[in-house]
Amino acid sequence: MATHRTKMLIIGSGPAGYSAAIYGARAMMEPIVVQGLQPGGQLTITTDVENYPGFRDVVQGPWLMDEMKSQAEHVGTRMMWDTIVEVDLANGSPFRAVGDSGDEYIGDVLVIATGAQAKWLGVPGEQELGGKGVSACATCDGFFYRGKKVAVIGGGNTAVEEALYLTNHSDDVTLIHRRDELRAERILQDRLFKSPKIKVLWNKTVERFEAGENGALAQLALRDTETGQDSTFACDGAFVAIGHAPSTELFEGKLEMDASGYLAVEPGTPKTAIPGVFAAGDVMDHTYRQAVTAAGTGCMAALDAERFLAGLEIDLDGHAHEAEAAE
Ligand SMILES: Cc1cc2nc3c(=O)[nH]c(=O)nc-3n(C[C@H](O)[C@H](O)[C@H](O)COP(=O)(O)OP(=O)(O)OC[C@H]3O[C@@H](n4cnc5c(N)ncnc54)[C@H](O)[C@@H]3O)c2cc1C
């Protein structure tokens, strides 16, 4: 078991973590990125990415994340194959974290970029057809279904927002909900019911996602929750929109969160209530949830981390304390 000391400890290796690392390394903060169970983050489970700036042609999610990782390493980031299982934020900077390996990580600043995971239905065909008709992100993948028939599964705000967004690309959107009323806010429901492009199928659960001969999604197997009757619904794309779960269990009782578990930050910044602890990417953003916004807040975290460190003096034994305002 080893102890790894750095000025900048980053938990998470998605676009937010890698971007924080790129900026942090170039500012001589010698960042360590603890990568977690999904090195590269959520984009490693998708295929086509067409909206990350800088690439005229479609790029592949895993490739894009490999490039970000290489860039971060190239400028001096240390990557760790480990998952943080414990953090100690109570005593201020430096912050201590412990990995699954037993290794200890100590950072003068901490950037939390642990992301979020889309919630899935957990039914047959869902994972197998991911990227082949089944998606959890209309903003990301809606464009690929322009002019096609799509379904959205869910009944909360996320589902209604996704359905409304999809009307930019498709005139044939069906919302499939397991109850006979929606949980979404009234204003969203009004917009949904007013849209001539959206139909609603009530009281239906999706039992399976089924592929056609070409290996892509062809139809959904549905069950009526009232009659128990089975039916099928043919479509080209299906968007599972039953919410997201931010990866914040580690920080329960240690950092402020909203009702859904997203880390609370000072509005417009990545600053948490603990000086020197920053949150970037999907872990603090339930609104935009895009690779480019995650990268943007990762950059902001690194810039704010640099400013925080500039206001600290580091003792010879590695302990940071606030510099006296002598200037
Ligand atoms: C199927 C799919 C397709 C998508 N397509 C697009 C798209 O086309 N364009 C787009 O802009 N966005 C897309 N997105 C959204 C995009 O992937 C996310 O917005 C983005 O990845 C968020 O980045 P992040 O860095 O905040 O976190 P994430 O990418 O979620 O990464 C989180 C990181 O934290 C790590 N981690 C978690 N817990 C720990 C721990 N305890 N210790 C150490 N590490 C930990 C994980 O291993 C992971 O590396 C898509 C998402 C999905 C699911």
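The chain in this predicted model holds 6 helices and 21 strands. Its radius of gyration comes out at 22 Å, close to the 20 Å that the globule rule gives for 327 residues, so the chain is as compact as a globular protein of that length. Laid along its principal axes, the C-alpha trace spans about 70 × 40 × 35 Å. Buried residues account for 49% of the 327 residues. Looking at contacts with a separation of 6 or more, 58% link residues 24 or more positions apart.

Now for one of the sheets. Here 5 strands line up in the order S10-S17-S11-S12-S13, with parallel pairing, and the sheet is open. Its edges are strand S10 (134-135) and strand S13 (198-201), each of which pairs on one side only. Further in, strand S11 (residues 149-153) and strand S12 (residues 172-176) run parallel and are joined over 5 bridges. Within this part of the sheet, Val-152 sits opposite Leu-175 of S12. Helix H4 (residues 157-166) packs on the sheet, where it touches S11, S12, S13 and strand S17 (237-240). The direction of H4 makes about 165° with that of S11.

Elsewhere in the chain, helix H6 (residues 291-310) carries Cys-299. Cys-299 has a relative accessible area of 15%, and because the cut-off for buried is under 20%, this residue counts as buried. Leaving aside residues up to four places away in sequence, Cys-299 touches Ser-19, Ala-20 and Tyr-23. Cys-299 and Ala-20 are 279 residues apart along the chain, yet their C-alpha atoms are separated by 4.9 Å.

Key. Residues are numbered from 1 along each chain as its sequence is written. This is a predicted model: local features need pLDDT of at least 70, side-chain atom pairs count only at pLDDT 80 or more; totals for chains, interfaces and linings use all residues. Side-chain values use heavy atoms; hydrogens and water are left out. Two strands pair if DSSP finds at least two bridges between them. Helices (H or I, at least four residues) and strands (E, at least two) are DSSP runs, numbered from the N terminus. Contact means heavy atoms within 4.5 Å. Axes are lines fitted to C-alpha atoms, for helices over the stretch in contact, and angles run from 0 to 180 degrees between N-to-C directions. Buried means under 20% relative accessible area, exposed over 50%, partly exposed in between (1.4 Å probe, protein chains only). The radius of gyration is taken over C-alpha atoms; the globule rule is 2.2 Å times the number of residues to the power 0.38.
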